[in-house]
Amino acid sequence: MIQDYLILSIILFCLGILGVITRRNVFTVFMSIELMLNAANLAFITFSRLHESMDGHVLALMVMAVAAAEAALALAVVILLHKHKGKLDTNVFSLLKG
Amino acid sequence: MFAEILFFGFAALSVLGALGLVFFRHPMNGAMSLVVTMISLAGLYALLSAKLIFALQLIVYAGAIMSLILFIIMFLNIAESDLPEEARHWIYLAGGVVIILPIGSFLIKIVKSIPGGETTIIGNGFGGVKEVGLVLFQDWLLPFEIVSILLLVALIGAVVLAGKRRTDK
(Lines give C-alpha, C1' and ligand atoms only; values in the text may rest on other atoms or scores of the structure.)
Protein backbone atom coordinates (compact mmCIF):
# COMPACT_ATOMS: atom_id res chain seq x y z
CA MET A 1 0.00 0.00 0.00
CA ILE A 2 2.88 2.37 0.74
CA GLN A 3 4.16 1.87 -2.80
CA ASP A 4 0.80 2.99 -4.25
CA TYR A 5 1.09 6.37 -2.53
CA LEU A 6 4.66 6.81 -3.81
CA ILE A 7 3.65 5.83 -7.35
CA LEU A 8 0.84 8.41 -7.22
CA SER A 9 3.38 10.99 -6.06
CA ILE A 10 5.67 10.16 -9.01
CA ILE A 11 2.76 10.39 -11.47
CA LEU A 12 1.73 13.81 -10.15
CA PHE A 13 5.35 15.06 -10.28
CA CYS A 14 5.74 13.89 -13.90
CA LEU A 15 2.49 15.64 -14.84
CA GLY A 16 3.84 18.81 -13.22
CA ILE A 17 7.06 18.61 -15.26
CA LEU A 18 4.97 18.01 -18.39
CA GLY A 19 2.92 21.13 -17.67
CA VAL A 20 6.05 23.22 -17.16
CA ILE A 21 7.79 22.17 -20.36
CA THR A 22 4.82 22.03 -22.73
CA ARG A 23 2.64 25.03 -21.91
CA ARG A 24 3.38 28.67 -22.67
CA ASN A 25 0.82 30.23 -20.37
CA VAL A 26 2.44 31.81 -17.31
CA PHE A 27 -0.34 30.79 -14.93
CA THR A 28 -0.32 27.19 -16.08
CA VAL A 29 3.45 26.97 -15.64
CA PHE A 30 3.18 28.46 -12.15
CA MET A 31 0.37 26.10 -11.10
CA SER A 32 2.36 23.14 -12.44
CA ILE A 33 5.17 24.12 -10.07
CA GLU A 34 2.62 24.11 -7.24
CA LEU A 35 1.56 20.63 -8.37
CA MET A 36 5.16 19.40 -8.17
CA LEU A 37 5.48 20.81 -4.63
CA ASN A 38 2.31 18.94 -3.70
CA ALA A 39 3.70 15.68 -5.10
CA ALA A 40 6.85 16.15 -3.00
CA ASN A 41 4.65 16.76 0.05
CA LEU A 42 2.79 13.50 -0.57
CA ALA A 43 6.11 11.62 -0.72
CA PHE A 44 7.22 13.26 2.56
CA ILE A 45 4.01 12.30 4.35
CA THR A 46 4.15 8.74 2.97
CA PHE A 47 7.70 8.17 4.16
CA SER A 48 6.81 9.71 7.50
CA ARG A 49 3.95 7.20 7.82
CA LEU A 50 6.28 4.34 6.78
CA HIS A 51 8.86 5.14 9.46
CA GLU A 52 6.25 6.38 11.95
CA SER A 53 8.26 9.52 12.75
CA MET A 54 7.17 13.14 12.60
CA ASP A 55 10.03 14.64 10.60
CA GLY A 56 8.24 14.29 7.28
CA HIS A 57 5.29 16.27 8.62
CA VAL A 58 7.62 19.12 9.65
CA LEU A 59 9.25 19.09 6.21
CA ALA A 60 5.80 19.25 4.60
CA LEU A 61 5.06 22.31 6.75
CA MET A 62 8.27 23.94 5.50
CA VAL A 63 7.35 23.17 1.89
CA MET A 64 3.93 24.77 2.40
CA ALA A 65 5.54 27.95 3.79
CA VAL A 66 7.98 28.12 0.87
CA ALA A 67 5.10 27.59 -1.57
CA ALA A 68 3.15 30.46 -0.01
CA ALA A 69 6.16 32.80 -0.29
CA GLU A 70 6.75 31.68 -3.87
CA ALA A 71 3.09 32.27 -4.77
CA ALA A 72 3.19 35.82 -3.40
CA LEU A 73 6.40 36.74 -5.25
CA ALA A 74 5.58 34.98 -8.52
CA LEU A 75 2.14 36.56 -8.76
CA ALA A 76 3.63 40.01 -8.10
CA VAL A 77 6.11 39.41 -10.92
CA VAL A 78 3.31 38.22 -13.23
CA ILE A 79 1.25 41.35 -12.52
CA LEU A 80 4.29 43.57 -13.16
CA LEU A 81 5.16 41.88 -16.44
CA HIS A 82 1.53 41.91 -17.57
CA LYS A 83 1.45 45.64 -16.87
CA HIS A 84 4.59 46.23 -18.94
CA LYS A 85 4.04 43.80 -21.81
CA GLY A 86 0.30 43.15 -21.80
CA LYS A 87 0.80 39.45 -22.52
CA LEU A 88 0.77 36.17 -20.66
CA ASP A 89 3.20 34.33 -22.93
CA THR A 90 6.41 32.96 -21.43
CA ASN A 91 8.22 33.71 -24.68
CA VAL A 92 7.90 37.49 -24.28
CA PHE A 93 9.25 37.28 -20.73
CA SER A 94 12.82 36.66 -21.87
CA LEU A 95 13.96 40.06 -20.59
CA LEU A 96 17.14 38.77 -19.01
CA LYS A 97 18.41 37.13 -22.18
CA GLY A 98 21.87 38.48 -22.91
CA MET B 1 -10.85 -2.58 2.40
CA PHE B 2 -12.83 0.63 2.80
CA ALA B 3 -9.57 2.60 3.00
CA GLU B 4 -8.38 1.09 -0.29
CA ILE B 5 -11.56 2.15 -2.07
CA LEU B 6 -11.09 5.64 -0.65
CA PHE B 7 -7.45 5.66 -1.76
CA PHE B 8 -8.26 4.71 -5.34
CA GLY B 9 -11.06 7.27 -5.51
CA PHE B 10 -8.84 10.08 -4.25
CA ALA B 11 -5.93 8.98 -6.46
CA ALA B 12 -8.11 8.96 -9.58
CA LEU B 13 -9.51 12.39 -8.69
CA SER B 14 -6.06 13.89 -8.14
CA VAL B 15 -4.66 12.50 -11.39
CA LEU B 16 -7.74 13.77 -13.26
CA GLY B 17 -7.25 17.22 -11.73
CA ALA B 18 -3.57 17.27 -12.72
CA LEU B 19 -4.45 16.20 -16.29
CA GLY B 20 -7.01 19.00 -16.42
CA LEU B 21 -4.36 21.47 -15.28
CA VAL B 22 -2.00 20.39 -18.06
CA PHE B 23 -4.59 20.20 -20.85
CA PHE B 24 -7.12 23.00 -20.27
CA ARG B 25 -6.42 26.08 -22.35
CA HIS B 26 -7.82 28.78 -20.11
CA PRO B 27 -5.96 29.21 -16.77
CA MET B 28 -9.24 29.55 -14.86
CA ASN B 29 -10.24 25.99 -15.79
CA GLY B 30 -6.75 24.84 -14.89
CA ALA B 31 -6.96 26.51 -11.47
CA MET B 32 -10.33 24.86 -10.80
CA SER B 33 -8.96 21.40 -11.62
CA LEU B 34 -5.92 22.12 -9.43
CA VAL B 35 -8.34 22.81 -6.56
CA VAL B 36 -9.79 19.30 -7.11
CA THR B 37 -6.24 17.88 -6.91
CA MET B 38 -5.50 19.77 -3.68
CA ILE B 39 -8.68 18.60 -1.95
CA SER B 40 -8.19 14.95 -2.92
CA LEU B 41 -4.57 15.18 -1.70
CA ALA B 42 -5.96 16.39 1.63
CA GLY B 43 -8.08 13.22 1.71
CA LEU B 44 -4.97 11.13 1.06
CA TYR B 45 -3.19 12.84 3.97
CA ALA B 46 -6.12 11.94 6.19
CA LEU B 47 -5.79 8.31 5.04
CA LEU B 48 -2.10 8.44 6.01
CA SER B 49 -3.25 9.65 9.48
CA ALA B 50 -1.53 13.03 9.16
CA LYS B 51 -4.19 15.08 10.91
CA LEU B 52 -2.40 18.44 11.11
CA ILE B 53 -1.20 18.30 7.51
CA PHE B 54 -4.74 17.39 6.39
CA ALA B 55 -6.10 20.55 8.00
CA LEU B 56 -3.22 22.69 6.71
CA GLN B 57 -3.62 21.37 3.17
CA LEU B 58 -7.25 22.41 3.19
CA ILE B 59 -6.65 25.79 4.84
CA VAL B 60 -3.34 26.92 3.34
CA TYR B 61 -3.24 25.28 -0.10
CA ALA B 62 -6.86 24.85 -1.13
CA GLY B 63 -7.92 27.94 0.80
CA ALA B 64 -5.26 30.63 0.79
CA ILE B 65 -2.89 29.95 -2.12
CA MET B 66 -5.55 28.83 -4.60
CA SER B 67 -7.85 31.75 -3.79
CA LEU B 68 -4.87 34.08 -4.29
CA ILE B 69 -4.20 32.54 -7.71
CA LEU B 70 -7.89 32.69 -8.65
CA PHE B 71 -8.04 36.33 -7.53
CA ILE B 72 -5.06 37.26 -9.69
CA ILE B 73 -6.51 35.42 -12.71
CA MET B 74 -9.79 37.29 -12.27
CA PHE B 75 -7.90 40.55 -11.65
CA LEU B 76 -6.07 40.32 -14.99
CA ASN B 77 -9.42 39.64 -16.73
CA ILE B 78 -8.03 37.18 -19.25
CA ALA B 79 -9.91 36.92 -22.51
CA GLU B 80 -9.41 34.24 -25.13
CA SER B 81 -7.35 36.64 -27.26
CA ASP B 82 -4.84 37.32 -24.45
CA LEU B 83 -3.80 33.68 -24.28
CA PRO B 84 -0.70 32.66 -26.23
CA GLU B 85 -1.55 30.60 -29.27
CA GLU B 86 -0.04 27.17 -28.86
CA ALA B 87 -0.06 25.87 -32.37
CA ARG B 88 2.80 23.43 -31.96
CA HIS B 89 1.54 22.36 -28.58
CA TRP B 90 1.20 18.70 -29.58
CA ILE B 91 4.80 18.41 -30.75
CA TYR B 92 6.06 19.73 -27.41
CA LEU B 93 3.67 17.39 -25.63
CA ALA B 94 4.93 14.33 -27.52
CA GLY B 95 8.55 15.32 -26.87
CA GLY B 96 7.82 15.86 -23.19
CA VAL B 97 6.16 12.46 -22.87
CA VAL B 98 9.14 10.82 -24.59
CA ILE B 99 11.50 12.49 -22.11
CA ILE B 100 9.39 11.99 -18.98
CA LEU B 101 8.23 8.40 -19.53
CA PRO B 102 11.60 6.61 -19.02
CA ILE B 103 12.37 8.70 -15.92
CA GLY B 104 8.95 8.02 -14.45
CA SER B 105 9.05 4.29 -15.13
CA PHE B 106 12.56 4.10 -13.66
CA LEU B 107 11.40 5.87 -10.49
CA ILE B 108 8.38 3.58 -10.22
CA LYS B 109 10.67 0.58 -10.56
CA ILE B 110 12.84 1.91 -7.72
CA VAL B 111 9.82 2.62 -5.53
CA LYS B 112 8.51 -0.91 -5.98
CA SER B 113 11.68 -2.28 -4.38
CA ILE B 114 10.98 -0.40 -1.13
CA PRO B 115 9.77 -2.76 1.59
CA GLY B 116 6.09 -1.95 1.87
CA GLY B 117 4.06 -1.41 4.96
CA GLU B 118 0.43 -1.29 5.84
CA THR B 119 -1.24 2.10 5.88
CA THR B 120 -3.84 1.48 8.50
CA ILE B 121 -4.88 4.48 10.54
CA ILE B 122 -2.74 4.52 13.67
CA GLY B 123 -3.68 6.22 16.90
CA ASN B 124 -1.54 7.49 19.77
CA GLY B 125 -1.77 11.01 18.44
CA PHE B 126 0.38 10.30 15.38
CA GLY B 127 0.37 13.42 13.24
CA GLY B 128 -1.56 15.48 15.74
CA VAL B 129 -0.80 19.10 16.54
CA LYS B 130 1.00 18.32 19.79
CA GLU B 131 3.38 15.71 18.37
CA VAL B 132 4.29 17.70 15.26
CA GLY B 133 4.72 20.82 17.37
CA LEU B 134 7.08 19.04 19.78
CA VAL B 135 9.28 17.83 16.92
CA LEU B 136 9.07 21.23 15.20
CA PHE B 137 10.19 23.24 18.20
CA GLN B 138 12.78 20.78 19.49
CA ASP B 139 14.61 19.46 16.44
CA TRP B 140 13.66 21.92 13.71
CA LEU B 141 13.77 25.27 15.51
CA LEU B 142 16.46 26.93 13.36
CA PRO B 143 14.81 25.99 10.01
CA PHE B 144 11.51 27.30 11.40
CA GLU B 145 13.07 30.68 12.16
CA ILE B 146 14.72 30.76 8.73
CA VAL B 147 11.31 30.12 7.13
CA SER B 148 9.90 33.10 9.04
CA ILE B 149 12.67 35.31 7.63
CA LEU B 150 11.92 33.93 4.15
CA LEU B 151 8.25 34.83 4.49
CA LEU B 152 9.13 38.36 5.65
CA VAL B 153 11.49 38.89 2.72
CA ALA B 154 8.91 37.56 0.25
CA LEU B 155 6.24 39.85 1.70
CA ILE B 156 8.42 42.96 1.45
CA GLY B 157 9.57 41.98 -2.03
CA ALA B 158 6.02 41.47 -3.27
CA VAL B 159 4.95 44.87 -1.89
CA VAL B 160 7.96 46.62 -3.45
CA LEU B 161 7.50 44.88 -6.81
CA ALA B 162 3.74 45.35 -7.13
CA GLY B 163 3.72 48.91 -5.83
CA LYS B 164 6.53 50.24 -8.00
CA ARG B 165 5.67 53.21 -10.21
CA ARG B 166 7.44 53.90 -13.46
CA THR B 167 9.05 57.33 -13.25
CA ASP B 168 11.31 57.15 -16.29
CA LYS B 169 8.61 57.77 -18.87
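1. A:Arg49 sits in helix H2 of chain A; helices here are DSSP runs of H or I with at least four residues, strands are runs of E with at least two, and both are numbered from the N terminus. This is a predicted model, in which local features need pLDDT of at least 70 and side-chain atom pairs count only at pLDDT 80 or more, while totals for chains, interfaces and linings use all residues. Residues are numbered from 1 along each chain as its sequence is written, chains are lettered from A and ligands numbered from 1 in the order in which they are written, and side-chain values use heavy atoms, with hydrogens and water left out.

2. Let's stay with A:Arg49 for a moment. Its relative accessibility is 4%, so A:Arg49 counts as buried (under 20% relative accessible area is buried, over 50% exposed and in between partly exposed, using a 1.4 Å probe and protein chains only). Apart from neighbours within four places in sequence, A:Arg49 is in contact with B:Leu48, B:Ser49, B:Glu118, B:Thr119, B:Thr120, B:Ile122 and B:Phe126; contact means heavy atoms within 4.5 Å.

3. The rule asks for a side-chain nitrogen of Lys or Arg within 4 Å of a carboxyl oxygen of Asp or Glu. Over all chains the count comes to one salt bridge, and between chain A and chain B the count is zero. Side chains of opposite charge can pair when their charged atoms come close.

4. Now to the interface. Chain A brings 68 residues to the contact and chain B brings 83 residues. Together the two chains bury about 6800 Å², with 80% of that on carbon and sulfur atoms; buried area is the accessible area (1.4 Å probe) lost when two parts are put together, summed over both. Seven residue pairs are in polar contact across this interface, both residues being at pLDDT 80 or more. A polar contact is a pair of N or O atoms within 3.5 Å; within protein, one must be able to donate a hydrogen and the other to accept it, and residues adjacent in sequence count only if both atoms are side-chain atoms.

5. On the side of chain A that touches chain B, H1, H2 and H3 of chain A each supply at least two residues. H3(A) gives the most, with 25 residues. By type, this side divides into 45 nonpolar, 14 polar and nine charged residues (Ala, Val, Leu, Ile, Met, Phe, Trp, Tyr, Cys and Pro count as nonpolar, Asp, Glu, Lys and Arg as charged, and the others, Gly among them, as polar).

6. The largest nonpolar core has 71 residues, and those with the most contacts inside it are A:Phe27, A:Met31, B:Leu44, B:Met66 and B:Ile69. Such a core is a set of buried Ala, Val, Leu, Ile, Met, Phe, Trp, Tyr and Cys residues joined through side-chain atoms within 4.5 Å. Elements giving two or more residues to this core include helix H2 (26-51) of chain A and helix H4 (89-112) of chain B. H3(B) gives the most, with twelve residues. Not counting residues up to four places away in sequence, A:Phe27 touches A:Leu75, A:Val78, A:Leu88, B:Pro27, B:Ile72, B:Ile73, B:Leu76 and B:Ile78.

7. Finally, a look at A:Met1, which lies in the segment before H1 of chain A. A:Met1 is partly exposed, with a relative accessible area of 21%. Leaving aside neighbours within four places in sequence, A:Met1 is in contact with B:Glu4, B:Phe7, B:Gly117 and B:Thr119.
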